[in-house]
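Subject: A structure for you to look through

Hello,

I am passing on the structure we talked about, and below it I have written down what was found. Please keep the picture open while you read.

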Amino acid sequence: MTTKYYTANGLSPIEAMKNGFVTKEEYRGFLIGNVLKYINRFQYKDDALSDLYKCRRYVEYLIELEKNDNDE
């Protein structure tokens with residue numbers, strides 16, 4: 001689910017990155033950084049599940065990226 005304010009310019013930041021706004025290596029680093037961020041802080045949050053779901057979302061983006069790399 002993409003929040004409305006992330007698509008104010010017609011494209012979410014994650015979609016822009018997936019579509020070449022940054023290099024593939026930069027995109028991969030962004031994804032890994034977000035996985036690390038959410039997995040490291042979830043236990044300190046009032047809503048731990050929210051951060052775990054966010055972590056899972058970024059892992060899924062990473063899996064998609066790796067699958068696409070292997071298909072090429």
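How many salt bridges does the count come to? Before the answer, please keep in mind that this is a predicted model. The count comes to seven salt bridges, and the general idea behind them is that side chains of opposite charge can pair when their charged atoms come close.

The chain has three helices and zero strands, and from the N terminus its elements run α-α-α. Of the 72 residues in the chain, 21% are buried, while the chain exposes about 5600 Å², with 54% of that supplied by carbon and sulfur atoms.

Now to some of the salt bridges. The side chains of Arg28 and Glu66 meet in one of them, at 2.8 Å from N to O; because Arg28 lies in helix α2 and Glu66 in helix α3, this pair ties together parts that are 38 residues apart in sequence. Arg28 also has a side-chain polar contact of 2.5 Å with Asp69, and salt bridges that share partners join Lys24, Arg28, Glu66 and Asp69 into one network.

A further salt bridge is formed by the side chains of Arg41 and Asp51, at 2.6 Å from N to O, and this pair links helix α2, which holds Arg41, to helix α3, which holds Asp51, across 10 residues. Asp51 forms a salt bridge with Lys45 as well, where the closest N and O atoms are 3.7 Å apart. Asp51 has a relative accessible area of 2%, so it counts as buried, whereas Arg41 is partly exposed at 29% and Lys45 is partly exposed at 36%.

Finally, please look at the surface, where Ile32, Leu36, Ile39, Leu49, Leu52 and Tyr53 form a nonpolar patch that has about 520 Å² of accessible area together. The elements that give two or more residues to this patch are α2 (24-41) and α3 (48-71). Tyr53, which is found in helix α3, counts as partly exposed because its relative accessibility is 46%.

Best wishes

Methods:
Residues are numbered from 1 along each chain as its sequence is written. This is a predicted model: local features need pLDDT of at least 70, side-chain atom pairs count only at pLDDT 80 or more; totals for chains, interfaces and linings use all residues. Side-chain values use heavy atoms; hydrogens and water are left out. Patches are made of residues with over 30% relative accessible area and no salt bridge: like charges are joined within 9 Å, nonpolar side chains (Val, Leu, Ile, Met, Phe, Trp, Tyr) within 5 Å. Accessible areas come from the Shrake-Rupley method with a 1.4 Å probe; for residues, only the protein chains shown count as cover. A salt bridge is a side-chain nitrogen of Lys or Arg within 4 Å of a carboxyl oxygen of Asp or Glu. Helices (H or I, at least four residues) and strands (E, at least two) are DSSP runs, numbered from the N terminus. Buried means under 20% relative accessible area, exposed over 50%, partly exposed in between (1.4 Å probe, protein chains only). A polar contact is a pair of N or O atoms within 3.5 Å; within protein, one must be able to donate a hydrogen and the other to accept it, and residues adjacent in sequence count only if both atoms are side-chain atoms.
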